[in-house]
Amino acid sequence: MGNDFDPHLTPAQRFGRELGRARREAGLSQERLATHLGVSTSLIGHIENGKRNPSLDLAAHCDKIFKTDDHFTHLCRNITAPTGPRWFLRWSEEIEPRARVLRCWDPLLIPGLLQTENYARAVFRGDLATSEQEIEDQVSARMRRQIILRRDSPLTLWTLLDEWVLRRPIGGCEVMYEQLDHLATVAGQQNVKVQLVPHDTFCTAGLMSGFVLAQMPDAPTAVSVESAGEGEVSAEHNLVTTVWDRYDRLRAEAHRPGQSLEMIKEARDQWKQQT
């Protein structure tokens, strides 16, 4: 297969160029390829023009049709790869997908794994230097990360939230209602536990930053600590022990999951009344 390394092409446009080239070399029309893939002809046209993103399933099917190993799958992953600073990419690509248990604390926002699209969009719009396209790319990447909660063997997520997170008007009343309704639904799942830390707790262990602990099946526990837009990912024993101690002290102050769920529903209903 050829590859178009024009630096001005987006990953989606590069995929489209390669798909068009492979299709023509195989002597297939867009209509015939669409039939083989079980999609519409217009979708093939949009993908070849770089106006629509292919799914991983479609890319894998293209590799089978054109006998290109994982060429199209790799190109597709370049489109759907999460964006962000290097430390975060290491976490979201190498650690988070392999974790069996995640324990997180967030004193300011709903965690990314539990956010709705509109809530995430409002969060990303807080960075005034970010373009609308970059915002949409970040939202899409965040939504893709959430698949780890829905896979056949989902990880277990233990989430600690500061109680004030339910009251902070991110995106406005409608966005908050939608977000808390989603949070209540997810918190009811067997593999997700959400606990609220009272706003008047005397425990200051987690006020400096949010963090996530990842228990791995085949590697040491890793931690991601974020503060003021920067972060650190490490499996260094002393740091992991320190953060885990903070997590335990915060959890000792938190409401039980059942009570926390009722508080989430109450806050959701209050946002609903304001819409």
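**Figure 1. Strand β1 and its two neighbours in the predicted model.** Six bridges connect β1 to β2, and the two strands run parallel; strands are DSSP runs (E) of at least two residues and helices are DSSP runs (H or I) of at least four, both numbered from the N terminus. Two strands count as paired if DSSP finds at least two bridges between them. The coordinates come from a predicted model, in which local features need pLDDT of at least 70 and side-chain atom pairs count only at pLDDT 80 or more, whereas totals for chains, interfaces and linings use all residues. Residues are numbered from 1 along each chain as its sequence is written, and side-chain values use heavy atoms, with hydrogens and water left out. R103 stands opposite W158 in β2. With strand β4 (residues 210-215), β1 pairs in the antiparallel sense over five bridges, and C104 stands opposite V212 in β4.

**Figure 2. The two faces of β1.** In a regular strand the side chains alternate between the two faces of the sheet. Six of the six residues of β1 are buried, where buried means under 20% relative accessible area, exposed over 50% and partly exposed in between (1.4 Å probe, protein chains only). V101, R103 and W105 lie on one side, L102, C104 and D106 on the other, and both faces are covered.

**Figure 3. The largest nonpolar core.** A nonpolar core is a set of buried Ala, Val, Leu, Ile, Met, Phe, Trp, Tyr and Cys residues joined through side-chain atoms within 4.5 Å. The largest such core has 36 residues, and L102, L180 and L183 have the most contacts inside it. Two or more residues are given to this core by each of α6 (86-95), β1 (101-106), β2 (156-162), α9 (173-187), β3 (192-197) and α11 (257-274). The largest share, seven residues, comes from α9. Contact means heavy atoms within 4.5 Å; leaving aside neighbours within four places in sequence, L183 is in contact with I110, L114, L161, L166, V194 and I264. A second, separate core has 19 residues, among them A12, A22, L43 and F66.

**Figure 4. The surroundings of V165.** V165 lies in the loop between β2 and α9 and is buried, with a relative accessible area of 0%. Not counting residues up to four places away in sequence, V165 touches D106, P107, L108, L109, I110, Y119 and M176. The C-alpha atoms of V165 and L155 are separated by 24 Å, with the two residues ten apart along the chain.

Figure 5. Rings of Phe, Tyr and Trp (its six-membered ring) pair if their centres lie within 6.5 Å; planes under 30 degrees apart count as stacked, over 60 as edge-to-face and the rest as tilted. The count by this rule comes to two aromatic pairs. F15 and F72 form an edge-to-face pair, 5.4 Å centre to centre with 65 degrees between the planes. F15 belongs to helix α1 and F72 to helix α5 (residues 71-80), so the pair ties together parts that are 57 residues apart in sequence. F15 is buried, with a relative accessible area of 0%, and F72 is likewise buried, at 0%. The pair of F66 and F72 is tilted, at 5.9 Å centre to centre and 45 degrees between the planes.

**Figure 6. Helix α3 and its covering helices.** In helix α3 (residues 41-48), the residues L43, I44, G45, I47 and E48 are buried. What covers them includes α1 (11-25), α2 (30-37) and α4 (56-66). After α3 comes G50, whose phi is positive, near 75 degrees.

**Figure 7. Helix α8.** Helix α8 (residues 132-145) has 14 residues and reaches 20 Å from its first C-alpha to its last, close to the 20 Å expected; the expected span is 1.5 Å times one less than the number of residues. The buried residues of α8 are I135, V139, A141, R142, M143 and R145.

**Figure 8. Cysteines without disulfides.** The structure holds zero disulfides, a disulfide being a pair of cysteine sulfur atoms within 2.5 Å. C76 has its closest cysteine sulfur in C62, 9.3 Å away, which is too far for a bond. C76 is buried, with a relative accessible area of 0%, whereas C173 is partly exposed, at 24%.
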